[in-house]
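I opened my notebook to go through this one piece by piece. Here is what I looked up, in the order I looked.

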Amino acid sequence: MKIMSRLKLFIPLICFLILAVFLYRGLELDPQELPSAMVDRSLPEFSLPQLSVQTIDISRADVVGSASLFNVWATWCIACRVEHPYLHKLKQLGVIIYGINYKDNKADALQWLEQRGDPYRLTIADVEGSLGLDLGVYGAPETYLVDSLGVIRYRHVGIVDERVWTSILQPQYQQLLDAESESLEEDTKL
Amino acid sequence: MIPELGNMALALAVCIAVAQSVLPLWGSFVGSRQLMRLGYPLALAMFVFVSIAMVCLAHAFLTDDFSVAIVAAGSNSLLPTVYKFSALWGGHEGSMLLWIWILALWTLAVALFSSELPLDVLARVLSVMAMIAVGFLLFSLLTSNPFARLLPVFPAEGKDLNPLLQDPGLVIHPPMLYIGYVGFSVAFAFAIAALIGGRMDVTWARWSRPWTNLAWGFLTMGIMLGSWWAYYELGWGGWWFWDPVENASFMPWLAGTALIHSLAVTEKRGLFKSWTLLLAIFAFSLSLLGTFLVRSGVLTSVHAFATDPSRGIFILIFLGLVVGGSLTLYAFRAPSVKSSIGFHWLSRETFLLINNAIFLAATLTVLVGTLFPLIMDSLGQGKYSVGAPYFNAVFVPLMALLVPFMGIGPTARWKKDRAQRWKLLLVPVAAALLMGLLFPLLYSEVYHPLVAVAVILALWLVFSLLTDIKEKTGNAANLWAGLSRRTPSYYGMVLAHLGFAVTLLGVCLSSHYSIERDVKMMPGESYQLAKLNFNFNGTRRVNGPNFVADEGEFEISEGGSSYILLPQKRRYKSQMGSVMTEAAISSGIFRHVYVALGEPLEDGAWAVRLYYKPFVSWIWYGAVFMAAGALMTVFDRRYRKLKA
Amino acid sequence: MILAVIKRVALILLCLTASAQVLAAIDHHTFEDENLRQRYLSLVKELRCPKCQNQNIADSNSPISNDLREQVYLQLKAGNSDQQIISYMVERYGQFIVYRPPLKGKTLILWMAPVMFLLIGLACIVFLVRRPTESNSVAVSNTGTSQRIKELLNEEEQS
């Protein structure tokens, strides 16, 4: 019995050690990082005007078809200016990028693109932020990776630069492209 | 030059602290009175050198020495002088130095006021406290040096102290809080000394009690000041958010409350020694855990300091050594729980045990709730948020459960009581029930049953206390003789429990009867809120020492009288350029009237927040009573006439 | 590693809008129905601002919080239930956005924890008190020097 009661006294120490393990793990995690709730879900339906040609409305069908990036940006977002040149680079590599101009003034946005160039295949003018809300956007810049069927595969919060592209986005993008070409092959075989 | 002096002083302090950790302790093992006596002079020396460091850092802030990194990061030449001083503890590095200074102060206090303590016990206590100081001093010097310089190129102007912190609250809240937090190290040191020395008789508990009560009192004040500060400074009338940093200060308080009650049993009846030892270790461990949570970046908080994972590792290792070490020592050295307990279930011991059970449950609940997002994330289970809705839902019932027992406990006899004695509590019960049920009926048109519950509980506390006083002074020749026979300890308990009742009422009544409205007002418009009329007379520009503000003028008529409130919307002139709303509050004992300016809207109108908050200040008055009660007990004569 | 942290903090700061951080989100939605207003107030306190340092959308003035509050307002006016509004938010932002952990699944243990702690505590008390002890039996026996000796020993122990 003495040993039993002595062993009971070790319980607090054991509890603390377990806690310490969690705290240690916690140091490697980022509590601010928020993975998107939309991953592996379909890009939401929307109908919003195109930025450059006001009279045409874009809908989901217009932007779904192959693996692409959706870049959420705005003229009030300072970091977007830092990110922008790299998007040109991605365009040169052949990456399809759609722009979502988030809660912005259309005239300002157009001028911004004129000054800095337009890497986007199309830019959706999401003035009210309704598409952003459906996507779970909470700031700019954010970039979504969407596959050929319109399923969201990944979201990156923050600037997309060389490091982010090569280590995070590019591998996944490549996977989607490979999957796409595989299914194309199968389709043509049939 | 002076910052370097400060740096050297800190380095010297570490050396002294190391000496103090080793020499007196060693002396207690080999029986060398010479070595053991070194405890006091070393404590004094450590205090002197840490004070020198503080003075040097204060000098840097007060002279706008922007070559010192933290001065450049957290101060500004336009800052009013008092805030230049308090900016010292506005950031991580400076606040760590404050922590260390307060630890040195407590250590010196223990060295000074413990003449009745046997020398070997005192030596061990001082050594343990010095070990803690070593850890924090090393942390400061190695990872968070307040004297780090921005040479050779340093800015001509500092960034500024966050405007939220430019307030009397910052001057006093952190020091008070830290005095409490750090003060639990004394109880901890006494517990460790007892475990090391193997002398586990109840005198240990008697020595610990005044120190623990004192620390608890300061912690109560520190938390109260933080709550009050958030209320009037942040602009939305809230006073507790269950933010991780707030929880980090609340957990030691909850465990500390259990500890001060458990110490009472151990001192008076010699029971629960192991448990009380564990609680002493637990309370201080929570203080250290709080330090870790706030400064390591593992949890998100509005209060969190700028963080760095390398600092987190250091604190975690320190935490591991201190808590792990003390719990290991406990596991090996604590007396095994005795098989014979020696009290009847109808006794004061039982009530104090219930106190412990409830406060422990509360502490663990807050701990689990605060860490839950972290645990789930590290297990790969996703990102969760645990906030006020959860904590309020679980915490309030626990506290409500406590109160009925609080009313009986003080009256119950030690060891064995008779239920018939408690018949005298029937009157308080009846009175409380009656008045509690009536109050919501009389106070407002809508009947809130929860208000009835809260008033019943609070009145039960008050009436049972009065009954107890009457019962305990009943035998004396007259009232005065009876009252003067009771000890400061007793009155401290009465005052503290009374404070709890007051806070309870404040919390419940202000939550249920507050009225809040966000409205759009044009200059010249009026708005009616409950029985108050708010007349908006427009805004004008005012200049502050380091800001420009739009000040609104509100004329409020309440009952027969009227008064003016001047809320401000400030834009600070520093590089931060933050915009802040400074609410205007008419504070009265029974209600607060609160006006805050939001954004200016088109056509000259303003978004305005109007609050009517009855009884809200009782939350903080109650806390002051609790702290005063705790402080009172320290003066009890029996702590001074100690026999070793 | 420090550089990476600084960079990350800088990025987050850059993403803040041009208007500086204001505290006190005072908007002026009008509610005809008092009940609706109460529901609005409690909902905006339950939803978390996705980008802030631990604030609910009631207290935060960041653009996303403003948008989310607007959304809550619109949905309440449209007649949606509290649960529908919460689900709407969780679908888009994940469980993170709700401060009240759900009463099912992985978070059920969180709700059970306080009860469990309390029960364990009370069980300990019952266990401690119910043990047949010398002192209890002292109360039973009335006479004899052995009983008196025991009493004296007890008092000694406690002085």
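**Notes on chain B and its cores**

I began with helix H10 of chain B, residues 244-269: its 26 residues reach 37 Å from first C-alpha to last, close to the 38 Å expected at 1.5 Å a residue. That expected span is 1.5 Å times one less than the number of residues, and helices here are DSSP runs of H or I with at least four residues, numbered from the N terminus. The model is predicted, so I kept in mind that local features need pLDDT of at least 70 and side-chain atom pairs 80 or more, while totals for chains, interfaces and linings use all residues. Residues count from 1 along each chain as its sequence is written, with chains lettered from A and ligands numbered from 1 in written order.

Is H10(B) enclosed or open? I found 25 of its 26 residues buried, so H10(B) is largely enclosed by the rest of the structure. Buried means 20 or more other C-beta atoms within 10 Å of a residue's own, exposed means 12 or fewer, and partly exposed lies in between, with C-beta atoms placed from the backbone. Just after H10(B), I noted a positive phi of about 70° at B:Gly270.

Next came H15(B), residues 426-443, where 18 residues reach 26 Å, close to the 26 Å expected. Its buried residues are B:Pro428, B:Ala432, B:Phe439 and B:Pro440. They cover an arc of only 75° around the axis, which puts them on the same side of H15(B); the arc is taken over directions from the helix axis to the C-beta atoms. On the other side, the exposed residues include B:Leu434 and B:Leu438. I looked for the cover over the buried residues and found that it includes helices H14 (388-408) and H16 (449-473) of chain B.

Then I turned to the nonpolar cores, sets of buried Ala, Val, Leu, Ile, Met, Phe, Trp, Tyr and Cys residues joined through C-beta atoms within 7 Å. Which residues touch the most other members of the largest one? Of its 220 residues, B:Met46 and B:Ala133 do. Helix H8 of chain B (168-197) gives the most to this core, 18 residues. Among the residues B:Met46 touches, leaving out those up to four places away in sequence, I listed B:Ala13, B:Ile16, B:Gln20 and B:Ala133; contact means C-beta atoms, placed from the backbone, within 7 Å. A second, separate core has 59 residues, including A:Leu69 and A:Val146.

How values were computed: Helices (H or I, at least four residues) and strands (E, at least two) are DSSP runs, numbered from the N terminus. Two residues are in contact if their C-beta atoms, placed from the backbone, lie within 7 Å.
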